[in-house]
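Subject: Structure handover

Hello,

Here is the structure I promised to pass on. Please open it and keep it beside you while you read.

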Amino acid sequence: MSSSNKVLKVAQLLLNQSIGEKGRIDSEKVSAILNELRENPPSNHVEILRRFGFLVRRHMSSYQVNLEFKGGDGSEITNSLCKKNLIDENANDVQAVDCPSLIAGFRVKIGDDVYEDSIANRLNNVRKALL
Amino acid sequence: MNSITDLIRKEIETLSVDASRSNVGKVTMLADGVARVEGLSKVMYNEMVEFPNDVLGIALNLEEDSVGCVLLGDTSSLKEGDDAKTTGKLLSVPVGMELLGRVVDAAGRPIDGKGPIEAKEEYSVERIAPGIIPRKSVDQPLQTGIMAVDSMIPIGRGQRELIIGDRSTGKTTIAIDTIINQAKINKQGEQSGNKDFRPVYCIYVAVGQKNSNVARTIKILEETGAMEYVTIVSAPAADNPANQYLAPYAGCAMGEWFMENGRDALIVYDDLSKHAVAYRQISLILKRPSGREAYPGDVFYLHSRLLERSARLNEDNGNGSLTALPIIETQMGDVSGYIPTNVISITDGQIFLETDLFNKGIRPAVSVGLSVSRVGSAAQIKAYKKVAGKVKLELAQFRELAAFSQFESDLDAATKARLDRGARIVEMFKQTAFNPIPVEVQTAIMWGMQNDFFDSIDVDKISEAVSSLKDYLSAQGKEVCNEIYQSGKLEESTEQNLRLALEDWKRTFA
């Protein structure tokens, strides 16, 4: 097995060890893993840490929801998105932020996916269509 | 004013008002027209990716933790940390008759200042080549108007014929001559009112060329009246490598529209050496493993998937065709280079141009020994086949004997006759640039050569004689030329008329 494959495999194992309840990253488990790695550094220590960091970030972004909105109440929008099964309040950490640049509407970011229904986006579409 | 507001209202009405969904990522690296993006976990291979300030990119490298995108257009406004989002679309270009007479970039956007292109259809740039079943063997001629090519290396509709040679040996000239000849034939065919006439539309793809050269080509095509049948796709040397990489595929998509709609088209890729260099640049920046001459492993596939898209379709599929004339530049006449051998093996023959012949004043500098057309005489009209059948052999024998005769003081009569005939044929094939000769005139000249009409003329006066005969045939000899053009055959009566016409010409020339 090549060294890069080893790094990928070890980092994936460490990620699996870091996952706690509801499939979320457990900070205590992560600290314990980091302490263990510090005390007994493996070969390719830096590469493993870098890859592990990337996997943790990617996993966390899969259940963290960034809700940007303008107009209305953040919790109301969250509730309506939950009703439409776009997000699950039990499984996702919802962070709602007021965003004036949207003019009106909302933008939800879950992992790499972005759902948007805002006046700013519609105006941008009109601009593109007219260019 | 009202029309503008109506236009805006119309656009707004057609817009979707639903919530949009996209997949996003962040730019982590930017270099030489290539961006590495973290995220974009749902991006498709070859999908268009949108960057800020309306910059578009194409996802070419899908890796576990990042995506490599080649960027199209001006990338100076982009920076690390910018958002990139998927569009769900593959790169497409406008296609159709509306593109004729226009100059466009690799994305099909007009760059000739003649306003927007109102194309009704769009084709994806990357398409799968026609399979075996819809194809038909090549049997219809595509006249280049160059005697040396049409007689010895005939090209058929749907064929891929490589034009190869060192720099400044007349490669582009052969391609431009062919385009000009198509325009002439198209005009002649349209005027004749023949319902079965099939015009050939042309696409000229300039990859990595100097802007001045592209401008010169456009000027020549406009001056000769050929531009109305031509679309020029330009990705000059100043353009980024992504555009240079995409331009041939964009041009090919435009040509495929003609083929798939039962029409004939000709596409010139000028040139694929620079195309390979642009692809090598992109691949190295994308950190793809490099192989021979630092080209990536798939450089053969780069050209094979492009040239395989040229084909002749059968009647069930519209009977259209796309003929390709790729151009390759060699270094010091070395045809055994990596890219030249690749393209030679993909194409159905090559026209090899020699620097020595060019410098001797033999233009077009076609090397008889190294040039070949794998379609052969199947792509010649019967009349031409009859007069040109032996020429290649005669010329090849002449070149061989000419080399040996330098060491001989005494030559036998047969050898002398062969050398004499060969020298005349060489002179006959000399042709000025951008001056293609119609096939019926070529047939008459070749017939004259085969029937000894040029034997009494000094070798150094043969070019003058050919030029004089051309003038004669386009004036007094029009009828006999028309006969050949209409029938495509050399009947006994036609040969009789041809003999009378040439005897008449010979009297005036002498």
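Below is what I found, starting with the overall build and ending with a few single residues.

Bear in mind that this is a predicted model.

**Chain B overall**

Chain B has 510 residues, and 47% of them count as buried. Its secondary structure consists of 16 helices and 16 strands. The C-alpha trace spans about 85 × 60 × 45 Å along its principal axes. How does its radius of gyration compare with that of a compact globule? A compact globule with 510 residues would come out near 24 Å, and chain B has 26 Å, so the two agree. Now take the contacts in chain B between residues at least 6 apart in sequence. Of these, 72% join residues at least 24 apart.

**Domains**

Chain A splits into domain 1 (3–62) and domain 2 (64–130). Their centres, taken over C-alpha atoms, are separated by 31 Å.

Chain B is assigned domain 1 (20–90), domain 2 (93–380) and domain 3 (385–509). Between domain 2 and domain 3 of chain B, the C-alpha centres lie 30 Å apart. Domain 2 of chain B puts 24 residues into their contact, and domain 3 of chain B puts in 18 residues. Which elements give two or more residues to the domain 2 side? They are helix 2 (147–152) and helix 3 (171–192) of chain B. Helix 3 of chain B gives the most, with six residues. By class, the domain 2 side has ten nonpolar, ten polar and four charged residues.

**Where the chains meet**

The contact between the chains uses 17 residues of chain B and 13 residues of chain A. On the chain B side, helix 1 (2–14) and strand 1 (20–31) each supply at least two residues. Strand 1 of chain B has the largest share, six residues. The chain B side divides into seven nonpolar, six polar and four charged residues.

**A helix pair in chain B**

Two packed helices are described by the angle between their axes and the distance between the axes. Look at helix 7 (residues 299–307) and helix 8 (residues 338–346) of chain B. Their axes come within 10 Å and cross at roughly 35°. The crossing is right-handed. Helix 7 of chain B brings B:Val299, B:Phe300, B:His303, B:Ser304 and B:Leu307. Helix 8 of chain B meets them with B:Asn342, B:Val343 and B:Ile346. This contact has five nonpolar, three polar and no charged residues.

**Backbone details**

The bond from B:Asp270 to B:Asp271 is cis, with omega near -5°. B:Asp271 sits in the loop between strand 13 (264–270) and helix 6 (272–285) of chain B. The bond from B:Arg363 to B:Pro364 is also cis, with omega near 0°. B:Pro364 belongs to the loop between helix 9 (355–359) and strand 16 (372–373) of chain B.

Next, look at phi. A:Asn44 is not a glycine, yet its phi is positive, at about 60°. A:Asn44 lies in the loop between helix 2 (27–39) and helix 3 (45–63) of chain A. B:Ala294 is another residue other than glycine with a positive phi, near 70°. Its loop runs between helix 6 and helix 7 of chain B.

Why does B:Ala294 count as exposed? B:Ala294 has 12 C-beta neighbours inside 10 Å, and a residue is exposed at 12 or fewer. A:Asn44 has 16 such neighbours, so A:Asn44 counts as partly exposed.

Best wishes

Key: Residues are numbered from 1 along each chain as its sequence is written. Chains are lettered from A and ligands numbered from 1 in the order in which they are written. This is a predicted model: local features need pLDDT of at least 70, side-chain atom pairs count only at pLDDT 80 or more; totals for chains, interfaces and linings use all residues. Axes are lines fitted to C-alpha atoms, for helices over the stretch in contact, and angles run from 0 to 180 degrees between N-to-C directions. Helices (H or I, at least four residues) and strands (E, at least two) are DSSP runs, numbered from the N terminus. A crossing is left-handed if the near helix is turned anticlockwise from the far one by less than a right angle, and right-handed if clockwise. Two residues are in contact if their C-beta atoms, placed from the backbone, lie within 7 Å. Ala, Val, Leu, Ile, Met, Phe, Trp, Tyr, Cys and Pro count as nonpolar, Asp, Glu, Lys and Arg as charged, and the others, Gly among them, as polar. Domain bounds come from an automatic or database domain assignment. The radius of gyration is taken over C-alpha atoms; the globule rule is 2.2 Å times the number of residues to the power 0.38. A residue is buried if 20 or more other C-beta atoms lie within 10 Å of its own, exposed if 12 or fewer, and partly exposed in between; C-beta atoms are placed from the backbone.
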